[in-house]
Amino acid sequence: MTLDPTRHPDWQLAQEAETRMKPILALAAEMGLESSEILPYGHYMGKIEQQAVLRRLADRPDGLYIDVTAITPTPLGEGKSTTTIGLVQGLARRGLRASAAIRQPSGGPTMGMKGSAAGGGLSQCIPLAPYSLNFTGDIHAVGAAHNLAMTALTARMQHERNYDDATLERLSGMRRLHIDPTRVNTGWVVDFCAQALRHVIIGMEGDGRRNDGFMMRSHFDITVASEVMSILSVARDLRDLRERMGRMALALDRDGNPVTTADLQVDGAMTAWLVEAVKPNLIQTMEGQPVLVHTGPFGNIALGQSSVIADRVGLKLSEAHVTESGFAADMGYEKFWNLKCRYSGLTPDAAVLVATVRALKYHGGAPRLQPGQPLPEAYTREDLPLVEAGCVNLLHHLGIVRRSGVPAVVCLNRFHTDTKAELDTVRQICEKAGARVAVSDHWARGGEGALELADAVLDACRTERRAFRPLYDWSLPLRERIVRIAREVYGADGVDFEPLAAQRLAAFQDRPDAAELGVCMVKTQYSLSDDPARRGVPASWRLHVRDALLFGGAGLVVPVAGDISLMPGTGSRPGFRNIDVDVETGRVTGLF
């Protein structure tokens with residue numbers, strides 16, 4: 001029996017589907033893994049020994065490589081994960097060995113407004129509760145590695161304060177690092193939306209002793225924004241991970257030189273926390289196709305991609321591999337295009353641009369949406385002018401994908417409130433712009449509802465010419481790359497750099513490895529601009545860059561635009577209020 005998605009919440013649909021799950025060893029065998037290449041975590045989850053797989057299948061051609069992105073979302077989300085899962089289910093119904101790669105959900109959105117990002121309706125990955133909560137411990141390992149680095153740094157600062165040079169060297173065997181306490185840019189991490197920890201004072205002495213720690217200002221970021229998570233996302237293997245871990249710069253010394261994890265001799269121990277986390281996780285769709293889950297960086301404040309490793313493995317094991325980029329094409333796809341593809345050396349065959357009638361109405365001027373509140377009537381009644389007006393946002397994002405030289409397919413993720421006239425209106429506008437478009441009903445019908453989308457994607461992959469090209473040459477100065485992203489992707493008139501951002505970017509540009517540093521923008525996901533209140537395609541605006549961070553291990557410069565924090569906040573109607581446990585069965589209820 002299959003429950004009706006219009007009458008049952010996602011967690012009930014998932015629990016019903018979990019009664020038909022394939023055991024993890026059977027799923028692994030179906031996708032071509034040998035028994036030594038899968039490490040079961042219970043009956044229905046596992047980790048893949050990716051280095052063994054990639055060595056064994058080195059000569060096998062890669063499958064089709066498809067990225068899923070979207071138009072600017074509403075605060076409710078538009079279903080990229082749902083579409084990723086649905087497309088894989090649809091491709092499988094067309095007879096292809098298909099797989100997905102998605103990110104592990106963070107505790108922040110899972111306990112907040114967005115939910116677990118497992119998909120929805122009849123296009124979800126399962127088992128839902130383990131995937132959404134502890135899973136295989138990767139995010140915990142990232143947090144442990146990151147906080148170990150900060151433990152090493154602050155302990156070192158305390159010892160350098162307490163001892164003279166000779167005593168310090170005798171006790172520790174290390175030279176003095178002369179860490180500047182006013183230039184410690186890295187903070188601590190926790191995987192919740194804990195805005196109370198954005199700014200903290202650490203090292204307060206409870207009884208007047210100097211051994212209570214080094215007192216200074218510090219801060220917390222959400223774990224998925226950690227540089228360790230970015231390193232895990234871009235690393236090609238354990239060796240690459242180990243080398244990158246030593247290049248993390250936590251602070252500057254008094255002469256302005258970076259103090260790295262290698263200087264603190266903590267990089268090896270940090271890597272030790274990640275030996276298991278570097279292996280991608282394996283679960284399945286509700287229809288039994290493989291889903292690789294690996295890493296979880298946010299798309300608005302980090303890379304927004306599942307790992308390079310997961311995609312390399314999926315492409316060797318599948319005839320078609322679908323990966324997802326976080327948030328809209330201006331954020332997630334831009335980083336996939338200009339960062340992830342450079343790190344991986346992979347070239348996509350097609351990109352799917354997800355849109356919904358709801359989001360088009362939102363960008364056309366419908367009332368604002370608030371998570372947890374009823375939808376205004378404009379979103380549930382037919383309104384063709386609103387839909388038409390909102391299509392400017394869709395066409396802008398379509399232009400971003402086309403700028404990369406990759407064939408694009410517009411996916412209209414159908415909601416049960418959409419009318420035929422509204423869907424036909426969007427189809428006509430897309431086709432007039434020369435775009436392929438498919439209406440997909442995967443939320444309500446699973447793989448059967450995604451056949452039109454699967455056919456359109458396969459046709460694009462097999463018949464359209466690819467001319468994949470990056471937006472910029474990495475030899476360009478960092479500021480010029482930021483300006484190019486702002487103008488050609490976001491549609492800004494230009495960029496204004498605050499003095500702090502300008503100063504830091506100049507310092508990064510002076511590094512000998514400046515041409516090897518990628519630009520990973522931090523910006524709101526709710527607008528093409530840096531102002532979340534500006535919907536549609538804003539005109540006559542300039543991007544405001546207020547800060548810039550260096551992730552030396554990941555090889556990233558991170559410009560921070562607008563009023564956005566690396567520690568999100570918890571809303572007034574958080575999702576954790578709906579979550580509970582059936583004490584008779586141990587089943588988690590209320591996840592979404």
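Predicted model: local features only at pLDDT ≥ 70, side-chain atom pairs only at ≥ 80, totals over all residues.
Residues are numbered from 1 along each chain as its sequence is written. Local features need pLDDT of at least 70 and side-chain atom pairs count only at pLDDT 80 or more, while totals for chains, interfaces and linings use all residues.

According to an unreviewed UniProt entry, the annotation "binding site" covers T74, P75, L76, G77, E78, G79, K80 and S81; such annotations may be inferred rather than shown by experiment. T74 sits in the loop between β3 (64-70) and α4 (80-93), with helices (H or I, at least four residues) and strands (E, at least two) taken as DSSP runs numbered from the N terminus. Because its relative accessibility is 2%, T74 counts as buried (under 20% relative accessible area, 1.4 Å probe, protein chains only). Not counting residues up to four places away in sequence, T74 touches R358, A359, Y362, L369 and Y526, where contact means heavy atoms within 4.5 Å. S81, in turn, belongs to helix α4 and counts as buried at 12% relative accessibility. Beyond its neighbours within four places in sequence, S81 is in contact with A117, G119 and E324.

Elsewhere, the axes of helix α13 (residues 329-344) and helix α19 (residues 478-490) come within 12 Å and cross at roughly 120°; these axes are lines fitted to C-alpha atoms over the stretch in contact, with angles running from 0 to 180 degrees between N-to-C directions. Here D330, M331, E334 and W337 of α13 meet I485, V489 and Y490 of α19.

Key. Heavy atoms only, no water. Buried < 20%, exposed > 50% of the residue type's maximum accessible area, 1.4 Å probe, protein only.
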